[in-house]
Amino acid sequence: MTALETDVVIVGVGSVGSMASWQLASRGQRVIGIDRFSIPGPFSAYAGESRLFRKVYAEGGHYTSLLQRSQDLWRDLEKTSGTRLLNTTGAVTIYDEHNPRLASLLAAGKDNGLDFEFLRGDEARARYPEHVIRDGDVTIFDPEGGYLNSEKAVTAALMEATRLGARFLGNRKAHRVEPYGDRYIVRSDQEEIIASRVIISQGNGAGAVCKELGVHLSVLPQVLTWFPAVNPAAFCREDMPVFVRRAEEDGRPDKAQLYGFPSADGWTLKVVGSVYLDEVESMEKPPTWDPKHLDTIRAWVREFIPELIPEPVRVATCADGHLPDATGLLGAVPGMAGVVVAAGFSGHGFKMATALGAIAADLVVDGTTATDVSFMNPARFLGPDRKVTSLALG
């Protein structure tokens, strides 16, 4: 079996792994990235054209420093690649006034000194005419929000990393990482790679690693949908923000959660609902979906965005890896100095992918990072003082 040597091996070159490879290569590190799919690949969590970016973040103000670093790094990658990646359209969140997440969203803005605008009633309806805004709804506008061209972004990072000397090996399975003298060896079905440091960023393929870290990773495929517009010009204007809508008031059985983007092609809108397929073990064999999976998103579009024709003309799937506390694992593996895991970001990792990759690079090169990610400690599901001596990779 072929043996290769490098400074850092990255297992999983998707959303985070691509950004880590760019960051490491730009710091003069020799990098080899391996992935079970082609690089870039069709089944990663970044598939499907675009992802939201928000600064005022209902998931909590503890993400603000990560989001700020991500925003800065997205701009750096744009300059380096000459490609527009982060489109700052603003982001509007529409909540029922009794939604339990409203308080955390407002706190995330106020406590971190972020700009936002709060509107309701006729003011909100005049500002956002494409949406049905009910009397009990409130809107929060985040001027720094927008969307990322996700597939372009990963490709841009990979191209820059390659230009700087990184090497990528796709379509192979990594089986295990274990000590090899004072270094580590990553064993795949095609080669053995020896490196001083390892980043494990397998995305929805990180189930085996998460299991060894004491937690189950649920791989949930999501159905992505694009709907044609009755009047396309209304959804192509420059001041149309991305949107997130939640309607989780008491008595509503479907608990609507959907998000969407301005038109990218001049006639359709990508509008995605919380429509998930059953959990799968792997995306190596992409799951099929049944037309009934579209019933919910059709109904939500009909109710909340009536200027769209509620029949999708394009459907795709992607899959995220979800952890029980909806918080990723990012940090050193206990007992394996120089091995960093970055996985399980539970559907809200791509907007922060540049920072997550940079932090993983910080940790393997310097052993520390200036960005607080202590809440993502990979050891939090393990028993006290439990160490790991090697890791199964799948």
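Predicted model: local features only at pLDDT ≥ 70, side-chain atom pairs only at ≥ 80, totals over all residues.

How do the residues lining the second largest cavity divide into nonpolar, polar and charged? I get four nonpolar, three polar and no charged. For the classes I took Ala, Val, Leu, Ile, Met, Phe, Trp, Tyr, Cys and Pro as nonpolar, Asp, Glu, Lys and Arg as charged, and the others, Gly among them, as polar.

Residues are numbered from 1 along each chain as its sequence is written, and side-chain values use heavy atoms, with hydrogens and water left out.

I looked for cavities and found two of 30 Å³ or more. My terms: on a 1 Å grid over the protein atoms alone, a cavity is a set of points where a 1.4 Å probe fits but cannot get out, while a pocket is an open set with protein on both sides within 12 Å along at least five of seven lines; lining residues have an atom within 4 Å of a point. Points are joined across faces, edges and corners, and a volume is the space filled by probe spheres set on them.

The second largest cavity holds about 30 Å³. Its lining is Y63, G328, F345, H348, G349, M352 and M376.

The largest cavity holds about 40 Å³. Around it I listed R54, V56, A91, T93, L105, I140 and D142. Strand 5 (91-96) and strand 7 (137-142) each give at least two residues to that lining. Helices (H or I, at least four residues) and strands (E, at least two) are DSSP runs, numbered from the N terminus. By class I noted four nonpolar, one polar and two charged residues there.

Then I turned to the second largest pocket, which has a volume of about 160 Å³. I wrote down its lining as R84, N87, T88, T89, Y147, C236, R237, E238, M240, P262 and S263. That makes four nonpolar, four polar and three charged residues.

**Entry: cysteines**

How many disulfides does the structure hold? Zero, taking a disulfide as a pair of cysteine sulfur atoms within 2.5 Å. I checked C210: the closest cysteine sulfur is in C318, 18 Å away, so it is too far for a bond. C210 is buried at a relative accessible area of 0%, and C318 is buried too, at 2%. Here buried means under 20% relative accessible area, exposed over 50%, and partly exposed in between (1.4 Å probe, protein chains only).

**Entry: loops and backbone**

Q202 sits in the loop between strand 12 (191-200) and helix 6 (207-212). Is Q202 buried or exposed? Buried, because its relative accessibility is 15%. Leaving aside neighbours within four places in sequence, I found Q202 in contact (heavy atoms within 4.5 Å) with V11, G12, R36, V209, A342 and L393.

The peptide bond from I39 to P40 is cis, with omega near -5°. P40 is in the loop between strand 2 (31-34) and strand 3 (50-53).

N171 has a phi of about 60°, in the loop between strand 9 (167-169) and strand 10 (174-180). D385 likewise has a phi of about 60°, in the loop between helix 8 (353-366) and strand 20 (391-392). D385 is exposed, at 74% relative accessibility.

**Entry: salt bridges**

R125 pairs with D122 at 3.0 Å, N to O. The two are three residues apart in helix 4 (residues 121-127), so about one helical turn separates them. R125 is partly exposed at 28%, whereas D122 is exposed at 61%. R125 also bridges to D135, with the closest N and O atoms 3.5 Å apart. D135 lies in the loop between helix 4 and strand 7, so this pair ties together parts that are 10 residues apart in sequence.

R172 and E191 meet at 2.9 Å, N to O. R172 is in the loop between strand 9 and strand 10 and E191 in strand 12, so they tie together parts 19 residues apart in sequence. Both R172 and E191 are buried.

Conventions. Salt bridge = Lys/Arg side-chain N within 4 Å of Asp/Glu carboxyl O.
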